[in-house]
Amino acid sequence: MAEVLVLVDHLDGEIKKSTFELLTAARALGEPSAVVVGPAGTAGKLSEGLKAYGAAKVYVAETDSADFLTPQVEVLAALVGSKDPAAVLIGVSADGKEIAGRLAVKTDSALLGDVVAVGAESATHSVFGGAFVAEAKWNTAHPVITLRPGSVEVENAEGAAVEETVEVPSGAGRSAQVQSREPVTGGDRPELTEASVIVSGGRGVGSAEQFSVVEGLADSLGAAVGASRAAVDSGFYPHQFQVGQTGKTVSPQLYIALGISGAIQHRAGMQTSKTIIAVNKDPEAPIFEIADFGVVGDLFKVAPQLQEEVAKRKG
Amino acid sequence: MNIVVLVKQVPDTYSERKLSSGDHTLDRDATDAVLDEIDERAVESALQLKEANDGSEVTVVAMGPDRATDAIRKALSMGADKAVHLSDEAIHGTDAIGTAKALVKVLGTLEGTDLVLAGNEASDGRTGAVPAMVAELLGLPSLTHARELTVDGGTVTVRRETDDGVTVLTAELPAVVSVNEKINEPRYPSFKGIMAAKKKPVTTLTLADAGIEPSDVGLSAAWSTVTESNPKPPKSGGEKVEDEGDGGSKIAAFLVGQKLI
Ligand SMILES: Cc1cc2nc3c(=O)[nH]c(=O)nc-3n(C[C@H](O)[C@H](O)[C@H](O)COP(=O)(O)OP(=O)(O)OC[C@H]3O[C@@H](n4cnc5c(N)ncnc54)[C@H](O)[C@@H]3O)c2cc1C
Ligand SMILES: Nc1ncnc2c1ncn2[C@@H]1O[C@H](COP(=O)(O)O)[C@@H](O)[C@H]1O
């Protein structure tokens with residue numbers, strides 16, 4: 001069976017959930033081979049997880065290079081050359097998209113970006129915030145495919161996870177140098193793209209302090225917290241929580257929008273949520289057009305009451 | 001410093017966007033077209049660098065249909081000095097790889113470029129791949145998603161801010177930098193700027209002028225092909241109630257009914 005290269009996304013010795021999704025999706029195309037690029041000692045911590053999700057092989061490329069993303073691109077390009085894989089799968093993130101783009105031009109492969117499903121010969125895109133679904137096929141060998149986190153249900157599968165050490169070729173061109181790195185650490189709440197419930201706040205929340213109303217409700221539901229761009233731009237909430245066209249695309253079971261008008265660019269990031277609840281003072285707010293249940297009212301009255309009800313039910 | 005800004009004309013995100021039923025490409029006639037908001041920010045960054053570095057020049061480069069001249073004029077009226085427009089019937093349907101390859105050819109027609117600026121992600125496709133691809137093809141350092149950008153002598157420093165955190169990157173010029181939506185607020189063109197833009201030079205190139213093989217661009221050259229596209233029925237609204245002091249309880253009841261809590 002053909003190999004499928006899966007780039008492992010990891011932080012502090014932990015594999016990101018998106019990687020397990022890639023390993024699951026890869027099985028539609030062939031046998032998953034995990035590719036680990038990182039500082040010395042990385043692979044040891046990851047091998048167990050990769051084994052449990054079906055990696056037949058683990059290519060280990062350890063390097064302390066400060067070249068930004070070039071080691072990943074070069075290692076994958078070399079493996080594409082030597083192993084002739086059926087495809088290369090990479091998770092959608094800023095780094096993932098960049099690695100994919102650079103790899104595609106370097107190996108002259110098709111690039112299928114931000115797909116939500118992978119088949120044997122084609123992949124599915126969800127475009128314009130889910131307004132269209134499109135099927136695309138690749139016209140080259142070893143297509144490079146980036147998969148949107150949260151689109152595939154993870155399945156366990158035992159893999160042999162046979163390790164093979166590979167060289168890190170130095171790039172042909174010049175690379176940007178990493179001077180420092182401050183990863184965002186998750187905190188106690190679920191990841192936005194992985195959460196089954198999200199409570200988001202907009203400009204209507206009014207201030208950073210008052211976002212505690214959004215957080216309180218979120219915590220009672222075990223939910224992630226999101227924000228509109230207006231809320232982020234006003235400094236109410238950090239930008240990695242922005243939902244929408246230029247923020248995250250989410251599709252949870254339940255999305256609760258507090259003080260969000262529902263501009264088209266916000267809806268583009270959340271309108272495929274299964275159930276949408278909106279609270280807004282303005283009965284004309286466009287968010288109500290897509291809300292399964294809407295309350296015209298003051299979020300500072302409605303949200304705490306809902307939080308209380310949820311707490312009561314939990315007992 | 002010679003700065004080139006890659007700008008793209010995109011459908012206005014405030015209008016409804018469609019895929020055309022024929023070849024599944026973006027139906028550009030169905031929507032208003034504008035200079036992408038993210039590229040306005042890239043132009044703004046270029047202008048700020050120009051203002052801080054005497055003797056600098058800002059050139060905008062766009063690949064797209066004839067009407068992309070509107071986007072080019074907008075960049076010129078903000079203050080860019082000149083423009084190059086790759087415009088050819090044959091580019092319709094070009095994908096990200098083809099776009100990057102074609103832009104690299106256009107960049108090859110310009111001399112002494114120190115810095116290539118771009119938006120991190122166009123609002124029409126969410127590819128967010130072109131700037132890094134251009135850098136890879138040119139063998140230049142790629143510094144993407146800049147929230148802050150400084151150039152000091154021959155060194156560019158970028159504070160790269162993404163959902164995953166902050167990375168500080170440096171590189172020697174020439175380099176490719178893409179900016180994120182938080183980097184600045186783009187200026188509005190002044191009346192003077194709009195008048196001046198009408199006289200600024202815009203070089204229009206065909207594929208042949210730029211040395212691009214027609215077989216390398218367009219739908220037929222695409223590295224991937226969209227075989228099918230379908231609109232998804234828009235979600236419709238459900239029940240809407242006025243809060244009469246029981247709004248929170250009513251939501252709770254609804255969620256219980258849906259077995260969500
Ligand atoms: C290219 C581009 C990309 C964009 N990308 C994004 C994106 O990724 N994500 C995004 O969100 N936006 C994005 N936007 C911005 C978008 O157009 C809107 O400006 C933004 O979504 C508005 O945020 P908001 O709903 O919080 O604010 P507003 O539109 O100001 O709405 C605030 C709402 O709060 C209500 N309100 C006020 N007080 C209360 C109260 N006490 N109780 C209840 N309701 C109250 C008001 O009635 C109002 O409806 C983008 C725009 C552009 C041009
Ligand atoms: N056709 C084009 N003409 C000029 N610049 C482009 C074009 N396509 C993409 N770009 C540049 O690349 C950036 C990212 O676009 P994309 O990779 O399409 O998301 C844009 O913000 C532009 O700066």
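Me: How far is an oxygen atom of ligand 1 from an N or O atom in the side chain of A:Asn280?

Reply: A polar contact is judged by the distance between N or O atoms, with a cut-off of 3.5 Å. In this predicted model, the distance for A:Asn280 is 2.7 Å.

Me: How much of ligand 1 does the protein bury?

Reply: The ligand is taken alone for comparison: ligand 1 then exposes 990 Å², of which the protein buries 85%. Ligand 1 lies between chains A and B, and 27 residues surround it, with A:Arg203, A:Ser228, A:Ser261, A:Gln265 and A:Asn280 being the closest. Sorted by class, this shell around ligand 1 holds 14 polar, seven nonpolar and six charged residues.

Me: Which residues have the most contacts inside the largest nonpolar core?

Reply: In soluble globular proteins, nonpolar side chains tend to be buried together. Here the largest nonpolar core has 125 residues, and those with the most contacts inside it are A:Leu50, B:Val5, B:Val60 and B:Val156. Helix α3 of chain B, residues 96-108, gives the most to this core, namely eight residues. Apart from this core lies another of 33 residues, including A:Phe211 and B:Ala252.

Me: What does B:Val156 touch?

Reply: Leaving aside residues up to four places away in sequence, B:Val156 touches several residues, among them B:Leu143, B:Leu169 and B:Val177.

Technical notes. Residues numbered from 1 in each chain as written. Chains lettered and ligands numbered in written order. Predicted model: local features only at pLDDT ≥ 70, side-chain atom pairs only at ≥ 80, totals over all residues. Heavy atoms only, no water. Core = buried A, V, L, I, M, F, W, Y, C linked by side-chain atoms within 4.5 Å. Buried < 20%, exposed > 50% of the residue type's maximum accessible area, 1.4 Å probe, protein only. Helix = DSSP H or I, 4+ residues; strand = E, 2+ residues; numbered from the N terminus. Contact = heavy atoms within 4.5 Å. Near = heavy atom within 4 Å. Polar contact = N/O pair within 3.5 Å; in protein donor to acceptor, adjacent residues only side chain to side chain. Areas by Shrake-Rupley, 256 points an atom, 1.4 Å probe, with all protein chains shown as cover. Nonpolar A, V, L, I, M, F, W, Y, C, P; charged D, E, K, R; others polar.
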